[in-house]
Amino acid sequence: MNSIQNDKRIIEAKKLVLSALSDHMKEVSALKSPTSDHQALCSALEKIRGFPLYYPFIGSGFGSGPYVELADGSVKLDMISGIGPNLLGHNHLGLASALFDACLADTVMQGNLMHNVDAVQLAQKLVELSGFDHCFLSTSGAMACENALKIIFQHYAPATRILAFEHCFIGRTIALSQITDKPSYRIGVPELLSVDYIPFYNHKRPVESTQETLSALKTFTDRYPGKHACLCIELIQGEGGIVEGSSEYFHAIIEFLRSKNIGVYVDEVQTFGRTESLFAHHLYGLKGKVDAISIGKVSQTCATLFSKEVAPKPGLLSQTFTGSTAGIRAALWFLEHLDELNLYGHEGAIARLSKYFHEALNKLNKKIPGSAVGPYGRGALLAFTPFDWDLKKVTSFLKRLYANGVIAFQAGSHTARVRMLPPFGAMEEKHIDEVMAIVEKTIREEMA
Ligand SMILES: Cc1ncc(COP(=O)(O)O)c(C=O)c1O
């Protein structure tokens, strides 16, 4: 096999590139005000795509850990990372070394008839770490979810209905927007799937809410016997407001589903890599108890993982592109350096920084009563409810927070919350202090 990676010139070039990158990162490791106006660029983008931007965010393409540089020269603290993929922050040197290797590869993209060795290694690593038998890579979270559903439908045929939780989010393709529980995401989209919604867990009423879910499941399965292919589970609802289930809850539901021969599918696109466990379903004791999962975002290359019992017949899955070589190399680098990164487990950075963040929000809530109710969530998925503010007021808060230097986002519509997906792989306690000082200042400004 070609040994370009061992060529002395390449080794030297890589060293030089990474050392230059590391030096330039120092220039963006603190908040900065804009040095120019990039409003014209934002307006051009809005005009081209035909609808407004949520924030006037256009990146310069550079950053450093939790700090991101914008095209106007400003530097902000990025607590949402383009809705979650950058757990290791901006310009991570380990990922940069993987991207350097990827740029020497023969193709930009890989696919079903064009796998390189690194794609095989990534699939093997995901199978080994997850405990599933099979892995199929794909280019987006939505595609990984679609593939999971197709696998499940084929196995549980002729069942064609889906069970899903109220307020769930699974994506916006024509099929997935039928399941995502947001009427505004389906305007004008033809109905292709029959979905029955059941209520989700409520930590304030664990026993009652479990009974309510089981009772709704019974109602629908009695009404449509043998017609449900699976239940789609988001273990921690993201868009729904960062609402977490519990181990006992999921076990009770799965026991019921299995008694009716209904499949179990977990959408881990948002939870993968963000809790104290690489796979969130392991955290709830569900290893080996589900048919398939989809992963994305933090994984850089998305994938569907499934058991041999539900493996599809040839022809069901294929894609010209299953991932970019850069995405595959980055994913592989991440999974091969888990020990060194020390993110997971009770002593890992995610558990430690999450606890610190929750404590800081609790302190703020004491200092300004009602300002940070909750906090909700787990690991690097967290949210709080400021007062009884509705979505309009939370949006106003978020836009002011953005102007003050912190990028966050909303979650939930029935209860409007501020959501953060912090890049704990690139953060220390001092960054949380900096974020919290800006959150407090913004709360006070919005209250004035
Ligand atoms: C739980 C969940 N499933 C699926 C998706 C869709 O992933 P993508 O946007 O990569 O297509 C998302 C995206 O936010 C998600 O949060």
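Figure 1. The structure is a predicted model, in which local features need pLDDT of at least 70 and side-chain atom pairs count only at pLDDT 80 or more, whereas totals for chains, interfaces and linings use all residues. Residues are numbered from 1 along each chain as its sequence is written, and side-chain values use heavy atoms, with hydrogens and water left out.

Figure 2. A polar contact is a pair of N or O atoms within 3.5 Å. A polar backbone atom of G141 is 2.9 Å from an oxygen atom of the ligand, and a backbone N or O atom of A142 lies 2.8 Å from a ligand oxygen atom. From the side chain of K297, a polar atom lies 2.8 Å from an oxygen atom of the ligand. On its own the ligand has 390 Å² of accessible area, of which the protein covers 79% (Shrake-Rupley method, 1.4 Å probe).

**Figure 3. The largest pocket.** The space in this pocket is about 1,100 Å³. A pocket is an open set of points on a 1 Å grid over the protein atoms alone, where a 1.4 Å probe fits, with protein on both sides within 12 Å along at least five of seven lines; lining residues have an atom within 4 Å of a point. The volume is the space filled by probe spheres set on the points, which are joined across faces, edges and corners. Of the 37 lining residues, G82, I83, R172, E239 and F409 are the closest to the centre. Helix α5 (141-156) and strand β18 (409-411) are the elements that give two or more residues to the lining; helices (H or I, at least four residues) and strands (E, at least two) are DSSP runs numbered from the N terminus.

**Figure 4. Backbone features in loops and a strand.** A cis peptide bond with omega of about 10° joins A157 and P158, and P158 is in the loop between α5 and β6 (161-165). The G374 to P375 peptide bond is also cis, with omega near -20°; P375 is in strand β15 (residues 373-378). N261, in the loop between α8 (247-259) and β11 (263-268), is not a glycine but has a positive phi of about 55°.

Conventions:
Polar contact = N/O pair within 3.5 Å; in protein donor to acceptor, adjacent residues only side chain to side chain.
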